[in-house]
Amino acid sequence: MALMADAFVAARAADPMVPRVARIAERKREIEDVVTLAIEGGAFDFAPGQFNMLTAFGVGEAAISVSGDPANGARLIHTIRAVGAVSRALAELRPGEPIGLRGPFGRGWPLLEAEGHDVVVLAGGLGLAPLRPALYRLLAEREKYGRIVLLFGARSPQDILFRDELEAWRGRLDLEVEATVDHARGDWRGNVGVVTTLIARASFDPARTLAMLCGPEIMMRFVANALHDMGVAEERIHLSMERNMKCAIGWCGHCQFGPVFVCRDGPVFPYSQLRGLIAKKEI
Amino acid sequence: MTEARSIVDAAGIEALLEALRGQGYSLIGPTVRDEAIVYDEIATLNDLPRGVGDEQEGGHYRLTRRNDEALFGYVVGPQSWKKLLHPPMLRLWSARREGDELRVEAEPEAREKFAFIGARSCELHAIAIQDRVFLGGPYVDPHYRARREDVFVVAVNCGVAGGACFCVSMDTGPKATFGFDLALTEIVAGRSFLVEAGTEAGSALVETLPHRAATKAEIEEAEAILARTAENMGRSLEAGDVRQLLARNLEHPRWDEVASRCLACTNCTMVCPTCFCASVEDTSDLAGLESARSRRWDSCFTLDFSYMHGGSVRQSVKSRYRQWMTHKLSTWRDQFGTSGCVGCGRCIVWCPVGIDITEEARAIRESDGQKGAT
Amino acid sequence: MIETIEHIVKEHPFFAGMDAGFVALVSGCAKNARFEAGQYLFREGDSADWFYLLRNGRAAIEIRDPARGAVTLQTLREGDVCGLSWLVPPYRWTYDARALELVRAIAVDGACLRRKSEADPRLGYEMMKRFTPPLLERLQAARMQMIDVYGAHG
């Protein structure tokens, strides 16, 4: 028999698996193996924390978080680390070249929920990229939030992403910025130590804090536990998960993490939702 | 829709196939190929496996000769209708560079109208489950929908239970209760079929066939057959709380035990009528002018499935088996609100080492809460 | 008002909430110290006689490598304790500690504190309770740095 009525959804929409073609407007090398691509030509609407599926034609597709300003709908920004065949091909694209675009997908940062709270934004390595749109929004609507703290950890001084911007933000009086690196030569004047060491010194009130974390999973786990130990509610510690994604819409199954699809139900999740699984092996 | 049940004979079935073909349907039904029941194009009644039975057990499948002329005297074969609605390989789009321009063209949707002849109740449940995956969310798969929306289903209520069947446990059979246009119960092998219409289209079609009203005795006979099938399930699974059972036993030592037998061959996922996982791959011509993306079935049993830069999340076979089984019986409910298992038993039969999902669930239940090496 | 060393010890976060008697005992081994930027608090191989509780300014824990020069292992700042090797034999520093900026600190005579701890094991246990967390933190941090979390994923 034909479809059951309740299986029908809305009208015939375009195939969500087919990318549209956009063009690279600008390419900027950030740090070793990391470039930022700007795409122009269209009105791009996204929520901070969402991602797009980017296609390097003839090579493949990868899920890449949007790293630009949500207020600038004319320019779509992604920051990409060249680690595999697809991301390398994407990172090699030059201005004028076509790129395939699907999205935006996923559930982003809980900025509405953060209103009225102190906000701790904690990024590790390239994890700063998906958090940057949230920072732009937080700063654009500064009056809606309590204290805002940006804590950033990287492997070495050479691996600090968006360094100019971090330094500019550091000059602001309404934003506390602290950075640390895991390894440095003697000529580095900044902090050396793991990112968790920054948390205890930052000024925020755990009881009224919402935290947004993005970085390596191990780092997020340690940071989430440290924040929780200080008194930040698990429901208000949000982290952006990473898993293999092929479709971004819950059809391919690759990004399953226990009961959730990271693409469809995340990538941003409250720690309270993941806690039971994130400490288990090979979920 | 007529509530009355009708009786058709073999000629009536032949006329049914003829009528559906006349309405432009491609007839897909059970037929014998490579010593198995497969769903393939059929033309006439003669393509159906007359007098064929089957023997199914863990890691074991044989066709047998029945001592009657039954048309539907076997249970499900290795393949399900999944291959028609969610094809193993499907091109999604192609792109072509023309000078400075690059054009992407979506693959046109299939226009074929299928009539599924002989779909079993568990399979109708499986189709409904995949409907939720591809049609039930905020995004709709146009390829799945194009293949799915015009399907005419002639269901068959199971007259025998297979050695690995456990639809009764999963509440998915053996009697088809929804999702069909017509449902047949073979009450006299090869000769007499009780017909029930599930849709207006189904009952209208019955009117065009040589048929007569079923007697009370015939209706009772059909019910008795189904009751017998239900009583003879080869397997059983305590499904009521299996979701919670598995969710709280992710570190149970049984996962290590089953992993020591599992070959990670992916057979269970290929034969499963609900498994939907797929991967995509891109191809391009040597000149770099044309490229295309295809979707093909994938399996959570492969190492690559969970690959992220730096390595695969699920390195061990144990974690992959656990992913599959917890998905089927536990997390599927979180994701889609239904079980991911319909109790068809294919994963048991087609496992080369005979791993049995019902036995695995039972083993965990028997030592609920034990923790193993993690 | 000139702060007494006892007051400074009592106010230092590292000794937060410590029994007044213990504060007096620690203070008896303590004095103020000040290091200009670039000055070393101690050097690798030296005898671990004094350790420091930082009050202002940051210090770097460094190790010298002929090819890479000084490699910074960790930076410390106000509230942190600088130097743990005074606790256990052979009481010798295994790295350099260098002021990155003007550092004010409480310098504590390790030998003095060890003697008092031997004499009063309650003080010794109090010291172990206060020195074990930074030890564990540094072990944990070293492990995190060792697995190079940002290498594969960040």
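**Two interfaces of chain A**

The area buried between domain 1 of chain A and domain 2 of chain A is about 1700 Å², with carbon and sulfur atoms giving 67% of it; buried area here is the accessible area (1.4 Å probe) that two parts lose on being put together, summed over both. Ile31(A), Pro48(A) and Phe51(A) supply 27% of what domain 1 of chain A buries against domain 2 of chain A, more than any other three residues.

This is a predicted model, in which local features need pLDDT of at least 70 and side-chain atom pairs count only at pLDDT 80 or more, while totals for chains, interfaces and linings use all residues. Residues are numbered from 1 along each chain as its sequence is written, chains are lettered from A and ligands numbered from 1 in the order in which they are written, and side-chain values use heavy atoms, with hydrogens and water left out.

Domain 1 of chain A covers 20–105 and domain 2 covers 111–278, the bounds coming from an automatic or database domain assignment. The contact (heavy atoms within 4.5 Å) takes 22 residues from domain 1 of chain A and 21 residues from domain 2 of chain A. Between these domains the count of salt bridges is zero, a salt bridge being a side-chain nitrogen of Lys or Arg within 4 Å of a carboxyl oxygen of Asp or Glu.

Turning to chain C, its contact with chain A takes 26 residues from chain C and 27 residues from chain A, and the area buried between the two chains is about 2400 Å², of which carbon and sulfur atoms give 47%. Here the count is two salt bridges; Asp80(C) forms a salt bridge with Arg201(A), with the closest N and O atoms 2.4 Å apart.

The elements that give two or more residues to the side of chain C that touches chain A are strand 5 (69–76), helix 4 (121–147) and helix 5 (149–152) of chain C, where helices (H or I, at least four residues) and strands (E, at least two) are DSSP runs, numbered from the N terminus. Strand 5 of chain C gives the most to this side, with six residues. Strand 5 of chain C is also joined by two bridges to strand 10 (residues 184–185) of chain A, the two strands running antiparallel; strands pair if DSSP finds at least two bridges between them. Within strand 5 of chain C, Thr72(C) is the bridge partner of Ala184(A).
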